[in-house]
Amino acid sequence: MKPAKCLNSLLLLSVAMFALTSVASAEWKESVLYSFQGGTDGATPAGGVVFDAAGNLYGATTDGGAANCSGPFQCGTVYQLKPPARKGDPWTETVLYIFKGTAANDGASPFGGLVMDATGNLYGTTGYDGTGNCLLFGGRVGCGTVYELSPPAQKGGAWTETVIYNFRGNKDGQLPVGDLVFDKQGNLYGATQYGGGFGSCNPSFYQHCGTVFKLSPPKTKGGKWTEKVLHGFKGGADGANPNGGLVFDGKGAIYGTTLYGGGSSNCNTTYSAGCGTAFKLSRPGTKGGAWTETVIRRFKDDANGGVPNGGLILDHKGTLYSTAVAGGKGHGIVFCLVPPTSRGGWTETLLHSFNGADGAEPMAGLTFDPTGNLYGTTCCDGKPGGGTIIRLRPLLSGAWAPAVLHAFTGPPDGTYPASSLILDGTGKLYGTTQLGGYTGQNCGHNGCGIVFEVQP
């Protein structure tokens, strides 16, 4: 397939085109908006951030908060960052909620970011705790939760956390990860890396190979959300350990990736053969019927990549875009998947192969701007090795011109960016790094992570 077929649908809006195909450095200005302090303040941001209508940012941390949780991490937090009233002043952080863990059954250790509904409620997942009876190292750590965080009725009041679903493991899910997504009817969708009732993808620690699930809101206020497992992954050729970050097409089909599975012998792990997959879940033909899963790409950890850890994004022509941690020149890739024609199946095209100097191991998905440029992060390498922010600009030739917008330098700057980015209305990018920033008490020499902004 010619690379031109992978040009995204916004290309003709692009205001500037470059013939350069080697990696350039665009030198955007990066600012640390907040450096986490550890302890009750939170540490290790989970996923990226989301905006509200007033310009406040919201996110979650995997670590920090309370320290009495039964899982391998601390309990975690949800936080808000308020922009300054005057230019040049710092952003103000407020911890909205500290997870209490085992004693309260309110969840612990978020492994994904947040989504916001139209009324300002926040939704996310925790990997551990809740009422489920999942075990780790012989002790009960819970199976994870989906939670809702509601703003106070009066300004300055406390936010209210409600667990809207407790995972149960086995045929149900276990260890939810990644971001949730709403459909037009207000249902929530996400993924768990384990559970589902099929396969053995890490039996020494967790059971089964993961799920995609749907949560339907209650029909009456105060009622219970209803969960349905749409697909339980079987490992091997079917895929294993989905990552969240799901996306819908115009017909309501769901697309996502799995970290492992796919059956390739290049990536045999201890419990699941394969370098990961991209998959499609099609809606049932009749109400209440089963969703149908189709594997649209099995990765091989070769020139065309392996181990996709980020979610997918979709342009209006139905082309999917994402990253893979491995493959290419050995440091990971950016790729797209073009939907099938009458003559065959989905076709993958390599958009960029990382070489280390421009970053390595992209751990998150991508973001489009209004002119069709792609933005993403790599967790590692670059100069001096703390990971990078990258942009890919589409060219009329069909190639994509890469540029490093920022190379993280470590404390007091961030290091190890592993989240997708978001754009504001002025073209600034926002995201998080899991390490770097403050290195004092509770954080050690690697730091507790940051929230950052970059702008041209």
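The radius of gyration used here is taken over C-alpha atoms, and the globule rule is 2.2 Å times the number of residues to the power 0.38. The model is predicted: local features need pLDDT of at least 70, side-chain atom pairs count only at pLDDT 80 or more, and totals for chains, interfaces and linings use all residues. Residues are numbered from 1 along each chain as its sequence is written, and side-chain values use heavy atoms, with hydrogens and water left out.

**Exercise 1. Overall dimensions**

Task: Compare the radius of gyration of the protein with that of a compact globule of 456 residues.

Solution. 
- Step 1. For 456 residues, the rule puts a compact globule near 23 Å.
- Step 2. The protein has 21 Å, which agrees.
- Step 3. Along the principal axes, the C-alpha atoms fill a box of roughly 60 × 55 × 40 Å.
- Step 4. The accessible surface comes to about 18700 Å², and 52% of this belongs to carbon and sulfur atoms. Accessible areas come from the Shrake-Rupley method with a 1.4 Å probe; for residues, only the protein chains shown count as cover.
- Step 5. Of the 456 residues, 57% count as buried (buried means under 20% relative accessible area, exposed over 50%, partly exposed in between; 1.4 Å probe, protein chains only).

**Exercise 2. Secondary structure and contacts**

Solution. 
- Step 1. Apart from neighbours within four places in sequence, Val295 is in contact with Ala237, Asp238, Thr277, Ala278 and Phe279 (contact means heavy atoms within 4.5 Å).
- Step 2. Val295 and Tyr123 are 172 residues apart along the chain, and their C-alpha atoms are separated by 28 Å.
- Step 3. For the protein, take the contacts between residues at least 6 apart in sequence: 51% of them join residues at least 24 apart.

**Exercise 3. Aromatic pairs**

Task: Give the number of aromatic pairs in the structure, and describe the one formed by Trp28 and Tyr375.

Solution. 
- Step 1. A pair of aromatic rings is described by the distance of the centres and the angle of the planes. Rings of Phe, Tyr and Trp (its six-membered ring) pair if their centres lie within 6.5 Å; planes under 30 degrees apart count as stacked, over 60 as edge-to-face and the rest as tilted.
- Step 2. The structure holds 24 such pairs.
- Step 3. In one of them, Trp28 and Tyr375 are 6.0 Å apart centre to centre with 55° between the planes, a tilted arrangement.
- Step 4. Trp28 lies in the loop between strand S1 (24-25) and strand S2 (29-35), while Tyr375 lies in strand S27 (residues 374-378), so the pair ties together parts that are 347 residues apart in sequence.
- Step 5. Trp28 is buried at 11% relative accessibility, and Tyr375 is buried at 4%.
- Step 6. Another pair, Tyr165 and Phe167, is edge-to-face, with 5.1 Å between centres and 80° between the planes. Tyr165 has a relative accessible area of 9% and is buried; Phe167, at 0%, is also buried.
- Step 7. Ring pairs also join Tyr34, Phe36 and Tyr79 into a cluster.

**Exercise 4. Charges over rings**

Task: Find the distance from the charged end of Lys234 to the ring centre of Phe198.

Solution. 
- Step 1. A charge sits over a ring if NZ of Lys or CZ of Arg is within 6 Å of the ring centre and within 35 degrees of the ring normal.
- Step 2. The charged end of Lys234 sits over the Phe198 ring at 4.6 Å from its centre.
- Step 3. Arg297 lies over the face of Phe299, 5.5 Å from the ring centre.

**Exercise 5. Disulfides**

Task: Count the disulfides, and assign the handedness of the link between Cys379 and Cys380.

Solution. 
- Step 1. A disulfide is a covalent bond between the sulfur atoms of two cysteines; the criterion is a pair of cysteine sulfur atoms within 2.5 Å.
- Step 2. The structure holds five disulfides.
- Step 3. The sulfur atoms of Cys379 and Cys380 are 2.4 Å apart. The torsion about their S-S bond is about -80°, so this disulfide is left-handed. Both Cys379 and Cys380 are buried.
- Step 4. Cys134 is joined to Cys143 with an S to S distance of 1.9 Å, and 100° about the S-S bond makes that link right-handed. Cys134 is buried at 6%, as is Cys143 at 0%.
- Step 5. Cys201 is joined to Cys209, S to S 1.9 Å. Their torsion is about 90°, so the disulfide is right-handed.

Conventions:
Helices (H or I, at least four residues) and strands (E, at least two) are DSSP runs, numbered from the N terminus.
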